[in-house]
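Thank you for coming, everyone.

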Amino acid sequence: MNAPVNLSFDAHKAAMNDVLQRQKAAHLRDGPPSAEKRIDWLNRSIDLLVGHQAEIAKAVNADFGSRSPEATALTDVAGSIGPLKHARDHLTKWMKPEKRKTTPAILGLFGAKATVQWQPKGVVGVISPWNFPVNLTFAPLAGVFAAGNRAMIKPSEYTPATSDLLKAMFAKAFNEEEVAVFVGGPEVGQAFSGLAFDHLVFTGATSVAKHVMRAAAENLVPVTLELGGKSPVILSRGADMATAAARIMNGKTLNAGQICLAPDYVLAPQEDVESFVKEAQAAVSRYFPTIKDNPDYTAVVAQRHYDRVKSYVDDARAKGARVIEINPAGEDLSQQEHRKIPPTLIIDPTDDMTVMQEEIFGPVLPVKSYKTVDEAVAYVNAHDRPLALYWFGTDEAEKDRVLERTTSGGVTVNDVIFHVAQEDLPFGGVGPAGMGAYHGHDGYREFSHRKAVFQQLKKDIAPMLGLRPPYGEGIRKYLAGQIKK
């Protein structure tokens, strides 16, 4: 049973560990699940999303204060069904052993075999965040289930209505030996991250990830960390500014910028900054003629995050930055029911401003100018490697140079965020932006144990005998062939 939220840390951990041990025992008892069983798990997950889409939209809206059902349907519901269907339709092929070459090759000629067999790890823990609370629970499960694992889930305390709904949904379709959900605050999360899973997936802040990884290290649990950071946009000279600005501002205002892949800042040619500002203002005005009572414009999830994002703007203004609030109807947003922040541009910020030091995770977009693209690349490389990088332009040679000389988790060219929607591309970070990657086939591989299997010849052949004592001419010829340039 799920642990009551008023238990002590030790009691929480004991209750969750009991479920973990039951899941591990069930995994050993039943053995690796068949392809049919894995497909059944994936289909049950899809059915949950289809059957609860209205309740999901209502719960997410309640947690955020204001988020449109269309935005939730797009990102959390449809965005979860896609990965689950992709895994369902391909897992039979993924499960086939992968043939490798034998060493030395002559063994293979006589019938020896080298293969990689994909084995379920067992029980995978999933710690999901608040910004896309449904998608970032179900999307990892596509790979977890396809690989034949069971799952324990800890959703975010910042979205309690959605977390409670997830708990109820999974309880309808799965027994606790298959999937178990634990709700609660930081003490539950802390206890959860210290369990001896066979693998642990964490999506969230880099600062929290350090604690999660430290706790996982106590049991040497392998981790997949999906974090964030400051994902830059490089606007090339010659980029279609109207199209680029429209796409950038669409990505920045989706979920009010509360996306790990949201464009965090723009690097624009010095002479194009004002053109970008003009086109960004025009795009936002088309998307959101009003903001205050517009259900399409998402609120910031909690007061502490609202205050944090507002403090970035106040700090930049106090330090001399030009701040442009894009508020098409000129509404008074100091008087509102929810926590809405208008799309805000900060022009030519300096590095001493907190908005250039911290991941923004809100609808605020700094715009820095550059003289040469090498200067822009150098700026990106002088900071932590980001989760994503975005480049807009038509110069293929410049694009290739930027991609070769920067390191990021992923890249979208001439748009933002879209690489995460490609089911057959891995999604993951590098360094402070995370480690490991999942989605599609890469998710299957991430949550599988790659078991190396070598099948030797049933009978010895002369070259094998020649390598054994007493050593003679056979081994000397072999070594002469191996020890050379």
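Predicted model: local features only at pLDDT ≥ 70, side-chain atom pairs only at ≥ 80, totals over all residues.

The UniProt record, in an unreviewed entry, lists residues 33–453 under the name "domain: Aldehyde dehydrogenase".

Let us begin with helix α14, which runs over residues 396–405 and in which Glu 398, Lys 399 and Val 402 are buried. Looking down the axis of α14, we find these buried residues within an arc of 100°, so they line one face of the helix. As background for those of you who are new to this, an α-helix has 3.6 residues a turn, so residues three or four places apart point the same way. On the face of α14 that is turned away from the buried side we find Ala 397 and Glu 404, which are exposed. What, then, covers the buried residues of α14? The cover includes the strands β8 (232–235), β13 (388–392) and β14 (410–413), together with helix α13 (373–381). One more detail belongs to the start of α14, where a side-chain oxygen of Asp 395 comes to within 3.1 Å of the backbone nitrogen of Ala 397.

Now to the aromatic rings, where the count comes to 15 aromatic pairs. Take Tyr 265 and Tyr 379 as an example: their ring centres are 5.8 Å apart and their planes stand at 80°, and because an angle over 60 degrees counts as edge-to-face, that is the name this pair receives. Tyr 265 belongs to strand β9 (residues 265–269) while Tyr 379 belongs to helix α13, so the pair ties together parts that are 114 residues apart in sequence. Elsewhere, Trp 41, Phe 138, Phe 145, Phe 170 and Phe 174 form one aromatic cluster. A charged residue can also sit over a ring, and here Arg 67 lies over the face of Phe 64, at 4.9 Å from the ring centre.

A polar atom of its side chain lies 2.8 Å from the backbone oxygen of Glu 331. Leaving out residues up to four places away in sequence, Asn 327 touches Ile 291 and Leu 333.

Ser 193 is found in helix α8 (residues 186–193), and at 4% relative accessibility Ser 193 counts as buried. Its side chain has a polar atom 3.0 Å from the backbone oxygen of Gln 190. If we again leave out residues up to four places away in sequence, Ser 193 touches Ile 127, Leu 200, Val 212, Ala 215 and Ala 216.

Next comes Glu 98, which lies in strand β1 (residues 98–100) and, at 27% relative accessibility, counts as partly exposed. The side chain of Glu 98 makes a polar contact of 2.8 Å with the side chain of Arg 100. Setting aside its neighbours within four places in sequence, Glu 98 is in contact with Ala 114, Thr 115, Val 116, Trp 118 and Arg 445.

Last, there is Lys 37, in helix α2 (residues 35–51), which at 31% relative accessibility counts as partly exposed. Which residues does Lys 37 contact, leaving aside its neighbours within four places in sequence? They are Arg 44 and Glu 178, and a polar contact of 3.4 Å joins the side chains of Lys 37 and Glu 178. For a sense of distance across the model, Lys 37 and His 383 are 346 residues apart in sequence and 45 Å apart in space, taken from C-alpha to C-alpha.

Technical notes. Residues numbered from 1 in each chain as written. Heavy atoms only, no water. UniProt positions renumbered as here; feature names shortened; annotations may be inferred. Buried < 20%, exposed > 50% of the residue type's maximum accessible area, 1.4 Å probe, protein only. Helix = DSSP H or I, 4+ residues; strand = E, 2+ residues; numbered from the N terminus. Arc of directions from axis to C-beta. Contact = heavy atoms within 4.5 Å. Polar contact = N/O pair within 3.5 Å; in protein donor to acceptor, adjacent residues only side chain to side chain. Phe/Tyr/Trp six-rings, centres within 6.5 Å; stacked < 30°, edge-to-face > 60°. Lys NZ or Arg CZ within 6 Å of the ring centre and 35° of its normal.
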